[in-house]
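Please read it alongside the sequence and the coordinates.

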Amino acid sequence: MAADQAASLAKHASQSGERVGLTADRITVHGGKPLQGRIRVRGAKNLATKAMVAALLGETPSVLQDVPLISDVDIVTRMLEAYGVAVSSPDDGTLVLDPQNVEKAHFAKIDALAGSSRIPILFCGPLLHRLGEALIPDLGGCRIGDRPIDFHMDALRAFGAIVDKSYEGITITAPDGLHGAHIELPYPSVGATEQVLLTAVRAEGVTELKNAAIEPEILDLIAILQKMGAIIWVEPNRTIFIEGVERLEGYTHRAISDRNETASWASAALATGGDIFVENAKQPELLTFLNVFRKVGGAFDVAEDGIRFYHPGGALKAVQVETDVHPGFMTDWQQPLIIALTQAEGVSTVHETVYENRFGFTDALLDMGADIVVHKDGLESVTRRVPRRRLEQAAVITGPTPLHGADVRVPDLRGGFSYLIAALAADGTSTISNLGLISRGYEHIIDKLTALGADFELD
Ligand code: EPU
């Protein structure tokens, strides 16, 4: 088989979910039935994958617990293995990552393994420290905007790295080593903040990072790096100081719970008139979501071991929401919530300020009966807490509108989950194809739907 064919097959396998137990690519859903029952969320996708990369920085093995079986984790596992990290899973949800024999990998192999993930870019700092060179393949991730990597490259250059672009991808070297730097991000980017952290911890000297992202998953990554021996000060006003150290050890850590998956199931409970207990859901990281959930008319009970989300009866109410960096309303929460908003009385507005193209998924919802108008340049009239970003958008949702079944194709991770919710809430039958994409971030999706009493068949 030709190398490019092999690469394409590997990419397809990574995206399709087969390697994480999701064999079907199409689901037929008979909607109109409330989701009821109990499910458990594990560690956050947006922490676990970064924690796995951090293991590359240690001189001894790391142990990461409560890791979800999702294709993003599978991709990072195979990339680490390509670099000589021994990865084992002694029990369900635990990963042992042994980086003691790290070695260079062939570019074609890395490119093939990277699949649809954006995590490969975070290998730069650790690989520069371990091997003196990093290769960045063509980056994937959800199609929700341009998703440039300029903040990452500028930060690496500030540390003294040399970035060479070729037709194959990007090669990064650091012939004079990596040195602490003063960096101010133009926007509190999650990935760029992680890039700086993973590079600065072993750079020589002190790094100051201004306008850093402080998402809970980032603070959990900082906790992991601190366990490894790093010295990191999180100061007020989004400033982080990192004192470089010469050696880091492995860590043992239980990944922070996946607040995005929790918010997705909460929206599913509301949209279907259901009642879902999400085991391992944590309130502190969800304060903003819970306020909005309550204002829409949802109810929740916080327990020791999780949170119960339910529709308490009565009409749902329209809300005005603006996505933002933490502690604001997360961009990943808006897509599932919009399905519930189609069932609310009145006109809701969702402003997307993080990505420039995250309402594409609403087109298919119109075919299902929703009344959603997307304003591609935002809406001037709405007061907002943060200055406008150039490319923001607004969706105006008028409800309630009964939803009916349709044939739809998963466009991206959160949009795909939203289609599942819409199909479950709709009258009649829907088919959803490209289901594998959902396995990038939702573990055991079919088992969970079964546990919640959903009526569906797999093709
Ligand atoms: N940006 C740039 N240049 C850069 C980096 C980012 O302009 O070099 C822009 C982006 O285009 C975007 C904004 O900055 O408009 C924010 O991007 P950020 O870097 O914060 O996002 P990310 O690190 O690529 C992570 C999550 C996303 C989540 C965002 C925001 C991971 C793997 N992904 O992406 O999660 O939406 O932070 O919180 O951690 C998802 O889980 O479905 C998902 C997309």
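Strands β6 and β8 (residues 170-173) run antiparallel and are joined by four bridges. Across this pairing, A134 stands opposite I172 in β8. The model is predicted.

**Sheet and packed helix**
- The two strands belong to an open sheet of three strands, in the order β6-β8-β7 with antiparallel pairing.
- β6 (133-136) and β7 (162-165) are the edge strands; each has a single partner strand, so one side of each lacks a neighbour in the sheet.
- From one strand to the next, the twist averages 20°.
- Helix α5 (residues 124-131) packs on the sheet and touches β6 and β8.
- The direction of α5 makes about 145° with that of β6.

**Nonpolar cores**
- The largest nonpolar core has 82 residues.
- I172, L97, F123 and L225 are the residues with the most contacts inside this core.
- Beyond residues up to four places away in sequence, L225 touches A54, L57, L197, L198, V201, A230 and I232.
- A second, separate core has 71 residues, including V292, F309, L403 and V408.
- In soluble globular proteins, nonpolar side chains tend to be buried together.

**K50**
- K50 lies in helix α2 (residues 45-54).
- K50 has a relative accessible area of 7%, and it counts as buried because the cut-off is under 20%.
- The K50 side chain reaches the backbone oxygen of N46 at 3.2 Å.
- Leaving aside neighbours within four places in sequence, K50 is in contact with I119, L122, V190, E194 and L221.

Definitions and conventions:
Residues are numbered from 1 along each chain as its sequence is written. This is a predicted model: local features need pLDDT of at least 70, side-chain atom pairs count only at pLDDT 80 or more; totals for chains, interfaces and linings use all residues. Side-chain values use heavy atoms; hydrogens and water are left out. A nonpolar core is a set of buried Ala, Val, Leu, Ile, Met, Phe, Trp, Tyr and Cys residues joined through side-chain atoms within 4.5 Å. Buried means under 20% relative accessible area, exposed over 50%, partly exposed in between (1.4 Å probe, protein chains only). Contact means heavy atoms within 4.5 Å. Two strands pair if DSSP finds at least two bridges between them. Axes are lines fitted to C-alpha atoms, for helices over the stretch in contact, and angles run from 0 to 180 degrees between N-to-C directions. A polar contact is a pair of N or O atoms within 3.5 Å; within protein, one must be able to donate a hydrogen and the other to accept it, and residues adjacent in sequence count only if both atoms are side-chain atoms.
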